[in-house]
Amino acid sequence: MSHGAGGRAMADLVAGIFRDAFANEFLEQGNDQASLPIPAGGRMVMTTDGYVVSPLFFPGGNIGALAVHGTINDIAMAGARPLYLSASFIIEEGFPLADLQRIAGSMGQASRETGVPVVTGDTKVVERGKADGVFIATAGVGLVPEGLALSGDRAEPGDVVILSGSIGDHGVAIMSSRENLAFETAILSDCAALHGLVAAMVDAAGPHLKLMRDPTRGGLAATLNELAHQSGVGFRIQEAAIPVKPQVAAACELLGLDPLFVANEGKLVAVVAEAGADALLAAMRAHPLGREAAVIGHAVADDQRFVQMTTAFGGGRIVDWLSGEQLPRIC
Amino acid sequence: MSHGAGGRAMADLVAGIFRDAFANEFLEQGNDQASLPIPAGGRMVMTTDGYVVSPLFFPGGNIGALAVHGTINDIAMAGARPLYLSASFIIEEGFPLADLQRIAGSMGQASRETGVPVVTGDTKVVERGKADGVFIATAGVGLVPEGLALSGDRAEPGDVVILSGSIGDHGVAIMSSRENLAFETAILSDCAALHGLVAAMVDAAGPHLKLMRDPTRGGLAATLNELAHQSGVGFRIQEAAIPVKPQVAAACELLGLDPLFVANEGKLVAVVAEAGADALLAAMRAHPLGREAAVIGHAVADDQRFVQMTTAFGGGRIVDWLSGEQLPRIC
Amino acid sequence: MCLAIPALITALLPDQMARISLDGVSKTISVALVEDLAPGDYVIVHVGHALSKIDAAEAARTLELLAEAGLLAGAAEAPA
Amino acid sequence: MCLAIPALITALLPDQMARISLDGVSKTISVALVEDLAPGDYVIVHVGHALSKIDAAEAARTLELLAEAGLLAGAAEAPA
Amino acid sequence: MKYVDEYRDGALARDIAAAIAAEAQPDRLYAFMEFCGGHTHAISRYGLEDLLPPGLRLIHGPGCPVCVLPVGRIDDAIRLARDPAVTMCTYADMMRVPGSNGASLMKARAAGADIRMIYSSLDAVRIAETEPARQVVFFAIGFETTTPPTAIALRQAMQKGLANFSIFCNHVLTPVAMRAILDDPEPIAIDGFIGPAHVSTIIGTEPYREFAETYRKPVVIAGFEPLDVMQSILMLVRQVNQQRSEVENEYIRAVRPDGNVTARALCAETFEVRENFEWRGLGVVPASALKLRDAYAAFDAEKRFAVHTVHADDNPACECPAILRGRKRPADCKLFGTACTPETPVGACMVSSEGACAAHWTYGRFREHARSAA
Amino acid sequence: MKYVDEYRDGALARDIAAAIAAEAQPDRLYAFMEFCGGHTHAISRYGLEDLLPPGLRLIHGPGCPVCVLPVGRIDDAIRLARDPAVTMCTYADMMRVPGSNGASLMKARAAGADIRMIYSSLDAVRIAETEPARQVVFFAIGFETTTPPTAIALRQAMQKGLANFSIFCNHVLTPVAMRAILDDPEPIAIDGFIGPAHVSTIIGTEPYREFAETYRKPVVIAGFEPLDVMQSILMLVRQVNQQRSEVENEYIRAVRPDGNVTARALCAETFEVRENFEWRGLGVVPASALKLRDAYAAFDAEKRFAVHTVHADDNPACECPAILRGRKRPADCKLFGTACTPETPVGACMVSSEGACAAHWTYGRFREHARSAA
Ligand code: SF4
Ligand code: SF4
Ligand SMILES: [Mg+2]
Ligand SMILES: [Mg+2]
Ligand SMILES: [Mg+2]
Ligand SMILES: [Mg+2]
Ligand SMILES: [Mg+2]
Ligand SMILES: [Mg+2]
Ligand SMILES: [Mg+2]
Ligand SMILES: [Mg+2]
Ligand SMILES: [Mg+2]
Ligand SMILES: [Mg+2]
């Protein structure tokens with residue numbers, strides 16, 4: 001990749017790699033924006049995320065798949081059907097074209113598998129040393145059925161908290177591929193698009209479903225604290241109910257990390273009124289991405305908005321937000 | 001700014017700076033996606049661009065205003081009314097918070113002035129030396145009235161090419177603020193949102209209007225070549241008709257650059273059927289951002305898709321795409 | 001504290017290094033500080049170094065003591 | 001070619017440097033290569049250095065010659 | 001995880017808790033100090049205080065090498081890291097520890113200093129080998145546990161002939177710090193010690209004998225798993241009840257009476273005791289830390305870069321000295337939760353998550369909140 | 001722009017064009033070489049060929065210092081730039097010029113080399129001063145116009161005592177190259193020269209006398225504005241018609257007969273003539289380039305970094321040698337527009353936009369296309 005502005009080389013590159021990888025009728029329009037049909041009914045949701053993962057390729061995925069799945073998930077968390085994605089690439093001069101192709105290929109595959117096209121995009125190349133390989137910012141829009149209004153402020157005391165599966169897989173997969181940590185494990189990132197699972201959940205729980213959120217950066221701990229803060233409630237969760245794969249637990253022991261704070265990319269937390277909890281859990285367990293779904297606790301009245309946890313050991317603790325990034329520890 | 005993941009410090013920062021700067025009801029929802037009403041009728045357009053300008057602050061603007069105006073413009077070029085923006089920030093560790101505030105402030109101001117809210121956003125901080133201050137990727141959606149279908153492939157021989165104003169202002173303003181070039185000029189970036197002008201144009205020219213595009217990176221030359229390529233026509237333009245400010249011309253002489261290749265951020269090129277050209281030009285000139293609008297040429301049948309120019313001198317030349325970035329020259 | 005964890009030696013490597021395994025996670029560490037190690041041993045690992053070999057017999061004895069303490073409690077709680 | 005452009009000297013600076021102006025664009029260049037310059041002079045600027053002073057009288061004369069060549073052409077085209 | 005999971009059995013813990021409750025005399029208070037942050041962590045992480053009878057109180061000691069490093073030494077490390085020629089290698093734990101005026105290695109890195117977070121002491125050697133043009137300084141911190149890995153790194157660097165490798169040595173000594181707490185002129189409310197787990201794998205059980213014999217404080221060396229802690233508390237209760245003061249070893253699966261002889265010999269050959277060293281929260285403690293022997297002066301960053309530590313005062317409102325001696329609790333400090341939080345730690349006890357104040361902030365607050373609500 | 005706009009008057013150009021048409025004899029061909037890329041640029045940029053009578057042909061000469069630098073010297077520059085100690089300072093023009101196997105400074109920079117694009121020779125001195133730890137090499141290229149600024153940079157670096165500054169000297173000599181074209185064993189179809197504008201501000205009019213007197217080729221030194229070119233063509237037509245061969249000066253507003261005496265003295269003191277130098281498209285030309293005098297050996301990058309240029313062959317299918325001598329046109333080359341485009345230039349004439357092939361690609365193709373369509 002060479003640093004350039006408006007040249008034919010760059011235009012050809014964008015046309016070649018991305019048009020091939022994302023092939024869809026909207027991108028084919030070849031304009032600086034895509035013209036798109038709007039399905040009837042409902043409200044629109046819009047989201048964006050920047051993806052800056054290091055390394056770019058990790059067990060179970062790469063930044064490209066992540067950038068598709070992550071943004072689809074933020075749409076899905078509103079109970080919405082994801083419709084369209086945009087993708088903005090910031091590429092460091094000298095970045096291997098073969099890697100870009102692999103990333104674009106993964107995005108294309110993720111886009112086809114999820115049925116959500118990347119309808120418009122942009123590429124900028126910056127001088128060497130002014131980025132880190134490639135950054136991707138995706139944005140997405142989706143359609144949420146009229147009447148469904150999931151939101152992080154809707155948890156109420158008594159509501160049930162359900163987690164869709166085991167935590168920490170993504171973060172541990174990433175760390176295992178960082179040179180300076182140098183450990184090996186068979187753990188793969190859980191990177192996945194959750195809109196299918198979400199559709200089944202919305203069907204099953206209907207108005208009982210209050211909110212969903214994907215516990216990405218900062219892990220389950222950050223998400224529960226965010227939700228507690230936003231809804232003005234506390235949460236009380238059971239450590240023993242939270243699925244953690246043995247390798248994830250082991251890697252966390254080795255590095256002095258807590259799986260509660262480790263990132264996930266294919267999991268969600270749902271808060272549901274008690275009356276809908278059983279139906280929701282059953283529907284989730286019937287879906288391939290929710291087979292390990294579990295009730296992990298419930299919301300409680302708490303003006304301190306604490307997330308409290310009964311440990312597997314039987315004691316109690318607060319699950320706080322992390323102050324800054326969780327770093328590997330030696331003491 | 002410190003490098004972090006999911007910490008409270010970062011969450012507070014995002015909440016503080018951006019929520020204040022962008023204040024709107026959608027962002028207030030506080031979720032990972034914004035829930036938005038969809039106006040009735042028409043099709044949706046979606047676009048994205050990454051902004052990587054250096055320096056971040058330049059005469060007449062900064063990366064923040066650019067990121068709002070640029071994406072609004074890509075929506076407007078479809079004849080659409082811009083509705084909502086998303087913003088993804090990638091920030092280098094150590095970037096001064098005061099600068100971030102200034103940038104967010106400009107974005108907020110641009111958003112308020114244009115009436116297009118930034119409804120959702122994301123912030124990532126990367127290690128020092130792995131980015132260049134701040135990168136912004138914005139995405140936007142808009143609504144295009146039913147029946148209007150502007151597209152870069154619609155130019156036909158005989159169509160008239162109209163430019164909305166003088167070229168090269170943005171690129172020269174940027175270059176004048178680059179330390180290594182070290183020249184001074186009063187030229188300001190033309191950075192502006194064109195959707196108001198576009199609305200007037202759509203009203204005035206109706207179905208005669210074929211397409212619009214903003215000649216940003218690569219300048220007027222790149223845009224005309226793109227359009228020629230996409231529509232399968234040639235263009236014949238008159239150099240004498242193209243407005244260039246004297247300071248822009250002078251800076252280009254000094255650096256060995258050609259204003260045709262220099263970037264603009266508040267200009268558009270429209271292609272219109274001859275029958276609508278007068279009405280369109282009049283409407284453009286009546287708008288503050290189109291006062292200097294001029295017919296600069298017309299589309300011609302040409303299977304080579306050349307952009308030909310009659311020079312101010314009376315000779316002829318091809319206006320080619322640039323091969324890579326236009327660099328200051330000494331010979 | 002000093003974060004350290006018991007791990008299984010799976011292979012001895014040249015230069016006083018060894019492979020360890022911990023529930024499917026493996027890593028290379030230094031074993032320069034501990035003598036007489038063999039694959040199958042468990043060691044306490046700290047900052048990439050083995051500090052001490054785990055004594056399997058003593059570990060078993062500790063577990064017995066723990067169980068015993070629990071039993072005693074049962075006895076204590078039960079009406080004497 | 002050697003890209004060079006005539007520019008107006010607006011101020012002489014220490015160390016054989018000068019400010020130049022070109023239609024509202026200004027810049028600092030070296031004038032070490034050209035003697036006897038004063039603000040108001042025009043110089044040919046190349047890679048940040050003045051190469052030569054423009055001779056205003058000769059410039060005027062050249063314009064006259066150009067006009068003359070044009071006139072001659074007119075004369076030539078007109079029926080002789 | 002073998003040798004881990006079996007010591008985290010909650011059912012068994014409740015049984016042991018019942019034994020403690022049964023054996024603890026209801027009419028007296030028991031105050032035990034767990035010296036090590038590892039125990040503090042286990043107590044907080046697993047909520048062990050919920051399992052203990054009301055008359056039994058745990059006092060969190062200064063056993064976190066990150067927390068106790070004084071501001072002046074953090075300032076030294078930051079100063080070294082800012083040298084453009086220097087690549088500073090540090091365990092990640094040190095990144096956020098505040099020096100003077102809120103400076104930290106994290107902020108220094110954000111401002112452009114070349115600071116690398118390493119997992120093992122040997123990573124620093126590898127970096128020095130790979131980047132011969134850089135002056136690689138290893139920020140060596142820790143108790144007796146972490147000292148031998150530093151000695152190994154020094155050996156490796158010497159073998160490889162790395163002229164660009166040096167060590168900024170901040171290793172400290174556990175028994176000396178315990179003695180400093182007991183020697184405090186004001187009376188200390190400590191009935192016994194839960195003794196260090198991993199420190200003891202190196203130093204063995206012998207160094208604690210003076211606390212049992214001279215100071216008459218029972219010591220039970222305990223593993224860092226929650227059952228280890230519960231069991232050691234039971235053992236301490238029994239010693240108190242029986243008016244014994246002995247050194248007992250609960251962590252017998254990893255700790256031998258003579259510790260790790262190889263490691264101790266290596267350290268003795270590499271390091272010598274400093275005359276004085278300052279501890280955050282404890283003040284200057286004679287003979288409480290190590291430095292490189294003169295034979296290794298060439299690898300001593302303090303000599304190579306002429307480091308002269310400037311003392312910086314702790315915040316006078318910080319109650320760490322009293323908390324570390326069991327006289328006060330975190331909530332007694334005016335700064336707790338206001339000026340002093342894990343994001344902006346003021347004193348030693350808030351600096352790492354094992355500090356008494358940080359542990360109370362992270363894991364304990366709700367208990368107090370529940371109490372006050374009740 | 002004063003002294004610019006008045007020489008870009010299209011109406012006047014058409015009048016002069018009429019004069020040329022009137023004076024050019026319809027029964028003969030006129031072939032003039034504009035040596036300089038500056039003239040080539042003006043001809044293409046303003047479409048001057050549209051204003052000339054059909055019997056008058058302009059031959060684009062080798063007057064672009066970027067184009068003529070041979071592959072071996074580009075390879076040298078890339079090799080220097082890849083040295084991790086080196087910061088290479090270059091005019092942006094050189095960034096894309098291809099060396100062997102498609103290498104370029106642009107690609108070397110993308111691969112991590114520290115290469116800075118500068119606007120003025122003095123920028124390189126400033127960088128050396130600001131970054132004393134870097135070995136700053138100034139990639140000096142250009143004809144007599146660009147040589148004095150290099151000499152000034154050397155003077156500044158010496159005054160500032162910069163031990164980390166050196167010059168990779170590639171300055172070449174215009175009259176020698178003109179002579180090389182005329183000395184070609186095969187006959188040359190050139191009736192006269194449009195002489196260099198800015199080169200002549202330095203060297204004056206005298207060096208062209210031999211071409212007029214010995215080779216009997218009229219020379220008209222012309223400014224780079226389009227009216228200057230038109231006027232000089234008229235003057236050349238007149239010399240041919242009148243069978244004169246003189247050195248005339250159309251660019252009298254900037255060119256004195258003795259050029260810039262100060263600059264020439266400075267250059268004579270700084271540089272000496274190389275025995276041989278290779279030109280892309282012309283081959284090895286004796287005494288056609290400059291190097292630093294031995295007195296400045298300390299600043300000579302070729303000496304400091306032991307540069308030994310390895311000759312690399314031009315593509316044998318490239319027709320540059322014939323094009324530069326007026327025997328062929330760009331479209332006659334098999335590679336034109338296929339293997340050889342401005343994005344992937346093969347030969348000298350495509351390398352910069354002033355090369356004959358590049359100019360034809362950028363500005364001229366439509367004319368041919370229009371012709372063939374007609
Ligand atoms: S809360 Fe902070 S200031 Fe107060 S005692 Fe604890 S560490 Fe010291
Ligand atoms: S087209 Fe390329 S290869 Fe052919 S003559 Fe021109 S420069 Fe040489
Ligand atoms: Mg988002
Ligand atoms: Mg997200
Ligand atoms: Mg989310
Ligand atoms: Mg774009
Ligand atoms: Mg766009
Ligand atoms: Mg755009
Ligand atoms: Mg656009
Ligand atoms: Mg986000
Ligand atoms: Mg440093
Ligand atoms: Mg280099």
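The magnesium ion (ligand 5) is held at 2.1 Å by three aspartates through their OD atoms: Asp74(A), Asp214(A) and Asp32(B). Donors here are N, O and S atoms within 2.8 Å of the metal (3.2 Å for Na, K and Ca), and since water is not among the atoms, sites may look incomplete. Asp74(A) sits in helix α3 (residues 63-76) of chain A, while Asp32(B) is in the loop between α2 (25-28) and β1 (34-36) of chain B, so the pair joins two chains. Helices (H or I, at least four residues) and strands (E, at least two) are DSSP runs, numbered from the N terminus.

Before going on, note that this is a predicted model, where local features need pLDDT of at least 70, side-chain atom pairs count only at pLDDT 80 or more, and totals for chains, interfaces and linings use all residues. Residues are numbered from 1 along each chain as its sequence is written, chains are lettered from A and ligands numbered from 1 in the order in which they are written, and side-chain values use heavy atoms, with hydrogens and water left out.

Back to Asp74(A): it also bridges the magnesium ion (ligand 5) and the magnesium ion (ligand 3), which lie 5.6 Å apart. With 4% relative accessibility, Asp74(A) counts as buried, whereas Asp32(B), at 26%, counts as partly exposed. Buried means under 20% relative accessible area, exposed means over 50%, and partly exposed is in between (1.4 Å probe, protein chains only).

Now look at the magnesium ion (ligand 10), which is 3.8 Å from the magnesium ion (ligand 3). Asp49(A) and Asp122(B) coordinate ligand 10 through OD atoms, at 2.0 to 2.2 Å. Asp49(A) belongs to strand β2 (residues 43-51) of chain A and Asp122(B) to strand β6 (residues 118-126) of chain B, so this pair joins two chains. Both of these aspartates, Asp49(A) and Asp122(B), are buried.

Next, the backbone. In chain A, the peptide bond from Ser54(A) to Pro55(A) is cis, with omega near 0°, and Pro55(A) lies in the loop between β2 and β3 (57-58). In chain B, the bond from Ser54(B) to Pro55(B) is cis, with omega near 0°; Pro55(B) is in the loop between β2 (43-51) and β3 (57-58).

Finally, hop over to chain F. Arg216(F) isn't a glycine, yet its phi is positive, near 60°. You'll find Arg216(F) in the loop between α10 (209-213) and β8 (219-221), and it is exposed, with a relative accessible area of 54%. Ala287(F), also not a glycine, has a positive phi of about 55°. Its loop runs between β12 (283-286) and β13 (290-292), and at 34% relative accessibility Ala287(F) counts as partly exposed.
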